[in-house]
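Open the model in your viewer and keep the selection tool ready. We will go from stop to stop, and at each one you pick something and look.

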Amino acid sequence: MRISIVDWTHQFLKQYVKEGDHCIDATVGNGGDMLYLKQLVKDTGTVSGFDIQQMALDHTREKLAAHGFTGNLYLDSHANMGQYFEKESIAAIVFNLGYLPGGDHKLATKAESTIQAIEESLLLLKRGGVISLCIYSGGDSGFEEKDAVLSYLKGLDHKKYLVITNEFYNKPNHPPMPVFIIKN
Ligand code: SAM
C-alpha cells in the first residue's frame with residue numbers, strides 16, 4: 001500500500017482531534033486538509049483556514065459546500081493567525097508547506113512567515129494539542145524553508161513541546177517530511 005505524506009499526517013491527526021474541537025488549516029490550498037478536519041470535528045466543532053490566494057479560498061469553500069460543510073476562511077498570511085483566536089483554544093493546526101500544485105511557485109510558503117506562524121500556533125494550541133507540518137523540498141524551492149524550520153524546531157523547549165520528525169527513509173529525490181509538534 002502506498003502511504004502519502006497527507007495520509008500519514010491525517011492518520012496521526014485523527015488521534016488528537018475529536019468532535020467539537022476547534023482546528024486551523026494554516027495553508028488552505030485546495031481544501032483537502034480543511035475537509036478532513038471538518039469531518040473529524042463534525043457540526044459542533046469549527047475549522048478555520050488561511051491562505052494568501054483568493055482562488056484557494058474559493059476552491060475550498062466550494063469543496064466544503066459540496067460535502068454540506070462550511071468553514072471560516074481568511075485571506076491573510078498564517079503569520080497573523082494570532083489576531084483571530086484565543087490562546088490555548090485550538091486542538092490541531094495543520095501546515096502543508098510549499099506551493100499549490102499547478103499554481104504559481106512564487107506564492108509558495110516562505111521560511112520567515114512560516115516560522116512566525118509556528119510561533120503563533122504554539123500560543124494558540126491547547127495542552128495536548130498537535131501541530132502537523134508537511135515539509136516539501138526539491139526542484140526550485142523548499143530547501144531553505146525546510147532547513148530554517150527544522151533548525152527552529154530543534155531549539156524548542158523539550159519540557160514544553162515534543163517534536164517528532166519522520167522520514168520516507170529509502171525514497172529518492174528529496175521526499176517530503178512529515179513533522180508533528182505536541183504541546184505537553
Ligand atoms: N493543504 C492544501 C490542500 O489540502 O490542498 C495544500 C496547501 S499548498 C501545498 C500551500 C498553500 O499555502 C498555497 O495555497 C499557498 O497559497 C499558501 N500560502 C503561501 N504562503 C502563505 C502564507 N504566508 N499564509 C497562508 N497561506 C500561504
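Predicted model: local features only at pLDDT ≥ 70, side-chain atom pairs only at ≥ 80, totals over all residues.

**Stop 1: the shell around the ligand**

Select the ligand, then the residues around it.

Now color the shell by residue type.

Next, switch to the cartoon view.

**Stop 2**

Zoom in on single atoms.

- Pick Gly 32. A backbone N or O atom of this residue lies 3.1 Å from a ligand oxygen.
- Pick Asp 33. Here a polar side-chain atom lies 2.8 Å from a nitrogen atom of the ligand.
- Pick Gln 53. An N or O atom in its side chain is 2.8 Å from an oxygen atom of the ligand.

Now show the surface. How much of the ligand does the protein cover? On its own, the ligand has 610 Å² of accessible area, and the protein covers 93% of that.

**Stop 2: the loop between β6 and β7**

Select strand β6, residues 161-165, and strand β7, residues 177-183. Asn 173 lies in the loop between them. His 174 has its place in this loop too.

Check the backbone angles. Phi of Asn 173 is positive, near 60°, and Asn 173 is not a glycine. His 174 is not a glycine either, and its phi is positive at about 50°.

Are these residues buried or exposed? Asn 173 has a relative accessible area of 69%, so it is exposed, the cut-off being over 50%. His 174 has 48% relative accessibility, so it counts as partly exposed.

**Stop 3: Phe 95**

Select strand β4, residues 90-96, and find Phe 95 in it. Is Phe 95 buried or exposed? Its relative accessibility is 0%, so Phe 95 counts as buried; the cut-off is under 20%.

Along the chain, Phe 95 and Trp 8 are 87 residues apart. Draw a line between their C-alpha atoms: the separation is 13 Å.

Terms used
Residues numbered from 1 in each chain as written. Heavy atoms only, no water. Polar contact = N/O pair within 3.5 Å; in protein donor to acceptor, adjacent residues only side chain to side chain. Areas by Shrake-Rupley, 256 points an atom, 1.4 Å probe, with all protein chains shown as cover. Helix = DSSP H or I, 4+ residues; strand = E, 2+ residues; numbered from the N terminus. Buried < 20%, exposed > 50% of the residue type's maximum accessible area, 1.4 Å probe, protein only.
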